[in-house]
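Below is a short note for a colleague who has not looked at this model before. Please read the points with the structure open.

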Amino acid sequence: LPGFVSILILSLLYATWGDVGWVDGLFRGVGPAVIAIVAHAVYRIGGRTIKNPVMLAIAVAAFVAVFFYSVPFPLVVFVAGVIGYVGARLAPDTFVVVTGHAVDAEVEPVETPRLAKTLITAAVGLTLWFGPLVVIVATVGLGSVWSDIGIFFSQAAIVTFGGAYSVLAYMAQQAVEVFGWLRPGEMIDGLGMAETTPGPLVQVTQFVGYMAAFRNPGSLSPITAGVLGAILTTWMTFVPSFLWIFLGAPYMEALRGKANLSGALSTITAAVVGVILNLGVWFSIFTLFAEVGTAEIAGATVYQPDLSTIDFVGLAIVIGAGVLLFKLKWSILRVVLLAAALGIGLAFF
């Protein structure tokens, strides 16, 4: 709840007073710092997953597929999972690099959950999840911002692996390039908000829902629409997540020793490293350059930033934030707060 309220207040301030000097300065400082934060996430996750050339190749392939060819994230996850599942049979030492803890032989085996309980849990969870969505579609139809929010974030909850950064990579691609709810730089600002507030980082989805509804309010006031959009987004993000936990947790003891499953999850995690790298490069281009063009080369979309429009102040903040994170081991919150303070200070000069 504290995280929801904090993001909601910041979203309202951002949407309403984002052009005010000190507010704009705050995000001008936070945006570049987020680039360093994403790079740090790539380093941390990659260090646990990229254990051999095959995993490195999978990460690179995922980056190329998403960044240059806009391959949907769900497809990347599916293909990676299939490769890992099959690869674990053929070369387990190569593909099984992320495994669970070994089972203690002295611990009593966990009782296999009964099917009836699983079915009841699924029925309750699916009703809570799809009930509001059915009402929304029946009321306003498909194609409205409300049904788009409900359907999109339901899809994101189903297919997203790898934590908040992979969520953001998928969400950025869809919210900016498909739905047009946000501009590229605003996605970076949203992540900066989430980094400075209590609660999980994935709460950044709430900011996207707020801005989508705020800009497409229909007969409602923009602020009222934004609040409702934030509530709907949060519901569609977290209800499915809780459903997966309640359904899957009782079976984890039985599943975690399966080599094929471990291979699939390992390969998906390697692909997620490439997806998060895509996010970092995409953020860097649209944060550090005022003008960015595109060109189609052999079917690939290639971004072409105008080098004369580079933001040297932003570049300096990226480098400084990187030093604080990688060398001095500062927490993300400290880095973001310092970058925000620096941005506000620069706004007055």
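**Notes on salt bridges and a surface patch**

1. R215 has a relative accessible area of 34%, so this residue is partly exposed. Here buried stands for under 20% relative accessible area, exposed for over 50%, and partly exposed for the range in between (1.4 Å probe, protein chains only).

2. The model is a predicted one: local features need pLDDT of at least 70 and side-chain atom pairs count only at pLDDT 80 or more, while totals for chains, interfaces and linings use all residues. Residue numbers start from 1 along each chain as its sequence is written, and side-chain values use heavy atoms, with hydrogens and water left out.

3. The side chain of R215 meets that of E186 in a salt bridge, at 2.5 Å from N to O. The pair links distant parts of the chain, 29 residues apart: E186 is in helix α9 (residues 184–195), and R215 is in the loop between α10 (204–214) and α11 (222–248). A salt bridge is counted when a side-chain nitrogen of Lys or Arg is within 4 Å of a carboxyl oxygen of Asp or Glu. Helices (H or I, at least four residues) and strands (E, at least two) are DSSP runs, numbered from the N terminus.

4. E186 also forms a salt bridge with R183, where the closest N and O atoms are 2.7 Å apart. E186 counts as buried, because its relative accessibility is 4%, whereas R183 counts as exposed at 52%.

5. How many salt bridges does the structure hold? There are three. One of them joins D311 and R28, with the closest N and O atoms 3.2 Å apart. This pair, too, links distant parts of the chain: D311 is in the loop between β2 (300–305) and α14 (312–327), R28 is in helix α2 (residues 21–49), and they are 283 residues apart. D311 counts as buried at 18% relative accessibility, and R28 as partly exposed at 40%.

6. L75, F78, V79, V82, I83, Y85, V86 and L90 make a nonpolar surface patch of about 760 Å². Patch residues have over 30% relative accessible area and no salt bridge; like charges are joined within 9 Å, and nonpolar side chains (Val, Leu, Ile, Met, Phe, Trp, Tyr) within 5 Å. Accessible areas come from the Shrake-Rupley method with a 1.4 Å probe, and for residues only the protein chains shown count as cover.

7. L90, one of the patch residues, lies in helix α4 (residues 73–90). With a relative accessible area of 72%, L90 is exposed.
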